[in-house]
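Me: Please take a close look at a single part of this structure, and stay with it until the pieces connect. I would like the cut-offs along the way.

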Amino acid sequence: HYLDEELAQGNIAGPFDPKLIPNSVILNRFGVIPKANKPGKWRLIVDLSYPKGSSVNDGIAKADSSMVYSSIEDAARLILGLGKSALLAKIDVASAFRIIPVHPADRYLLGMQWKNKVFIDNQLPF
């Protein structure tokens, strides 16, 4: 089971009895989808945009959460500017977000309920 693996890795805490969880803990919708080209491996998907108007994401200011990605043209311009002696490297961090811990004071935002048990994410869930 996916949740068993996440528990074993320390990525989530639980299972907890829902009756013992404070009302301040937000229980988010979640699911798992198969990882591409990795049979038997799953990716956690947590819907932090639900319900509209009172979701976890609604509490984050747009100015604090926007990103701008560099284009291929930007990268090419930078490389050309550095010249032929430039060294390049590429890395791919497995489970990149799952290795970033959530501050304990913010974990109440990352609750999930499955089979009448509550789990809390300790790592970024996306």
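Reply: Asp 47 is partly exposed, with a relative accessible area of 24% (buried is under 20%, exposed over 50% and partly exposed in between, with a 1.4 Å probe and protein chains only). This is a predicted model, where local features need pLDDT of at least 70 and side-chain atom pairs count only at pLDDT 80 or more, while totals for chains, interfaces and linings use all residues. Residues are numbered from 1 along each chain as its sequence is written, and side-chain values use heavy atoms, leaving out hydrogens and water.

What does Asp 47 meet through its side chain? Its partner is Arg 29, in a salt bridge of 2.6 Å from N to O (a side-chain nitrogen of Lys or Arg within 4 Å of a carboxyl oxygen of Asp or Glu). Asp 47 belongs to strand β3 and Arg 29 to strand β2, residues 27–34, so this pair links distant parts of the chain, 18 residues apart (helices, H or I with at least four residues, and strands, E with at least two, are DSSP runs numbered from the N terminus). Arg 29 is partly exposed too, at a relative accessible area of 45%.

Glu 6 and Arg 98 join their side chains at 2.2 Å, N to O. Glu 6 sits in helix α1 and Arg 98 in the loop between α3 and β4, so this pair ties together parts that are 92 residues apart in sequence. Glu 6 and Arg 98 are both buried.

Arg 98 also forms a salt bridge with Asp 121, with 2.9 Å between the closest N and O atoms. Here the loop between α3 and β4 is linked to strand β5, across 23 residues of sequence. Arg 98 has a relative accessible area of 12%, which makes it buried, and Asp 121 is buried at 1%. Through shared partners, the salt bridges join Glu 6, Arg 98 and Asp 121 into one network.

Let's follow Asp 121 into its strand. β5, residues 117–121, is mostly covered, with 4 of its 5 residues buried. On one side, β5 runs antiparallel to β1 (residues 12–16), joined by 3 bridges (strands pair if DSSP finds at least two bridges between them). The residue opposite Asp 121 is Ile 12. β5 also runs antiparallel to β4 (residues 111–114), this time through 4 bridges, one of which pairs Gln 113 with Val 118. β4 and β5 make a hairpin with 2 residues between them, and Lys 115 in that turn has a positive phi of about 50°.

Ile 12 leads on to the largest nonpolar core, whose 11 residues also include Tyr 2, Leu 44, Met 112 and Phe 119 (buried Ala, Val, Leu, Ile, Met, Phe, Trp, Tyr and Cys residues joined through side-chain atoms within 4.5 Å). α1 (2–8) and β3 (42–47) each give two or more residues to this core.

For contrast, look at helix α3, residues 72–82: of its 11 residues, the number buried is 0, so α3 lies largely in the open. Just after α3, Gly 83 takes a positive phi of about 90°.
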